[in-house]
Amino acid sequence: NAFTTDGIYVIENKDSLQAWMIAKQPIEGDETVQNYVIVGLQLDDEFASQMQEQTGLEHIIWINGEPTATSFSQGTAPLSAISPRTDIHPSHENSTERKFKQDGLPYYAASFPLDETNAVSEVVLNVAGITATQNRLFWISLISILAVATLVSIFGISLTRQISNPLVHLSNSAARFSKGDLDSAVDQQVRVREVAEVARALENARVDLLETLTHLEHEKAWVNHLLESIVEGIVTLDDHGNISYFSKGAERITGWSHADVIGSSYEEVFRIADSQQPISELVPAPGKKRKMTIELADGHFATLSFTGAHLAPAEAGDAQVVLVFRDVSEEETIRRIMGQFLANIAHEFRTPLSALEASIELLIDQASDLSEAELQELLSSIHLGALGLQTLVDNLLEGASIEAGRFHVSPRHADLGKIIAEAAQTMQPLLDKYDQHLVVEIPTPIPIVYADSRRIVQVLINLLSNAIKFGSPGFSIDIDVIEIRDWAKIMVTDRGPGIPHEQKDLVFRRFTYSGSPDTNAKAGVGLGLSVVKAIIEGHGGQIGVDDRPGGGSIFWFTIPLVDEK
């Protein structure tokens, strides 16, 4: 009666525990007595081996944590080799899993209770192959990863070189650009698209920059040429008043070279003559002008007209001072001479006009009471006054036409003797007034010249007028003519004080007054000899002045002869 139901039963022997699978079946017969057929199968090693054969899995039967049957007993691991377990109990409702090693082999096991007994069945899977496969897969994966990493590294190195080498070339190109080398083109044969785009952009920038720099160099060369061509001097000053730019015009005017003055104070370069006042106190305001007499590099002095300005580019912090100046010494001289000219011309007009006025009033008031000699003297005075005015007016008109560029001569065949005679006749009253006489020597036959008779007479009148003015009473004035090849040379010789050597190159300029400082003769307007020079040069001739042996001057000029052959 111990086996009441079918199921698993644990039977205790004195030496061990056994697990049995029991099946109970009643036998039909006497109804008063119930008989049964009981069939039992011991769950031993053989049973486990059969299960192993059928399932391919190892089996272990546990009772109270002790192994009672195993399929391992057929192999290398007998039951006695299996260690007891304390972590397994039939009260566990769910299966439990574990991993363990037996005889060095790895196993994976899952256990579950057998009915409500203390027996637990454990199914064991030999995972040695799986582990080997896992290890093999691990190594395969590791090797694959290493291989991929190697390939990636090789690819990365190759790609890095493909990128880095062009970038190195681009960096070298940029370095050359920074040093001003814009002639070398940027290599654009790059397989990396992004780097190729950078190379194309850098090459375009190089071309644009080269064009810009070329244009700027042309502009700079043009500006430098313009600055060198400007006759005015241009000087720029920094914040400390030192010269930072000195133009070619400034070099020409002052005599200082660019190398000598750069970095120097402009007060040391521009020293005001006869004054201790620094130029910094006299620099004109922007847009204003001021004239100052400055000592030049050679010790001479010049009058310079300064204009101040401020140079302030948008990116500059402090504005630089710019001084523009030009040499107005000649203008100042002309202005002074013009003042003298106006004063002299007023005097030249006033003197004959006063004499004319006095003579005419005397004739009007006392003509009937005057003797013939007195009347002749008054008429001679009137004639000389009119002659002086006519000469002065002629010189003024000729000077104006020369200045306006309208001066010209009309040469034709003329008798030189008649020209000299006309001039002598015109000047005879003046010769008589100053007790002088004229001596003329002219070769025979009398030369025929190719000249403007009226203007050559004007030349002789101007020369004779000066000779009479600076000559001494009682002495003669000579007119000598000689022929030199195709030219007639006419010489007017006086016995006056002569022309100082340093003035000989100046006497034929406008507003320059001939004569010695020791003479008492009155100065003229300074136009006669400049008109004489223009007339002679208009004929293609030459004019000059020499010293006369024994004192006096020889004014000479040449005019072309007519070839009568």
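Visitor: What share of the contacts in the protein with a separation of 6 or more comes from residues 24 or more positions apart?
Guide: Such residues account for 50% of those contacts. Do keep in mind that this is a predicted model.

Visitor: How many helices and strands does the protein have?
Guide: There are 11 helices and 21 strands.

Visitor: What part of the protein is buried?
Guide: Of the 565 residues, 36% are buried. The accessible surface comes to about 33,900 Å², and carbon and sulfur atoms hold 54% of that surface.

Visitor: Why is the pair R98 and E122 called a salt bridge?
Guide: The closest N and O atoms of R98 and E122 are 2.7 Å apart. The cut-off for a side-chain nitrogen of Lys or Arg and a carboxyl oxygen of Asp or Glu is 4 Å, so the pair qualifies as a salt bridge.

Visitor: What does that pair tie together?
Guide: R98 belongs to strand β6 (residues 96-102) and E122 to strand β8 (residues 119-126), so the bridge ties together parts that are 24 residues apart in sequence. Both R98 and E122 are buried.

Visitor: How do you know that R495 and D478 form a salt bridge?
Guide: Their side chains meet at 3.1 Å, N to O. That value is within 4 Å, so this pair is a salt bridge as well. R495 lies in the loop between β19 (487-493) and α11 (528-538), while D478 lies in strand β18 (residues 476-484), so parts 17 residues apart in sequence are tied together.

Visitor: What makes K533 and E537 a salt bridge?
Guide: Their closest N and O atoms are 2.4 Å apart. With the cut-off at 4 Å, the pair therefore counts as a salt bridge. K533 and E537 are four residues apart in helix α11, and about one helical turn separates them.

Visitor: Are K533 and E537 buried, partly exposed or exposed, and how do you know?
Guide: K533 has a relative accessibility of 28% and E537 has a relative accessible area of 44%.

Visitor: How many salt bridges does the structure hold?
Guide: The structure holds six salt bridges, including the one between R98 and E122.

Notes: Residues are numbered from 1 along each chain as its sequence is written. This is a predicted model: local features need pLDDT of at least 70, side-chain atom pairs count only at pLDDT 80 or more; totals for chains, interfaces and linings use all residues. Side-chain values use heavy atoms; hydrogens and water are left out. Helices (H or I, at least four residues) and strands (E, at least two) are DSSP runs, numbered from the N terminus. Buried means under 20% relative accessible area, exposed over 50%, partly exposed in between (1.4 Å probe, protein chains only). Contact means heavy atoms within 4.5 Å. Accessible areas come from the Shrake-Rupley method with a 1.4 Å probe; for residues, only the protein chains shown count as cover.
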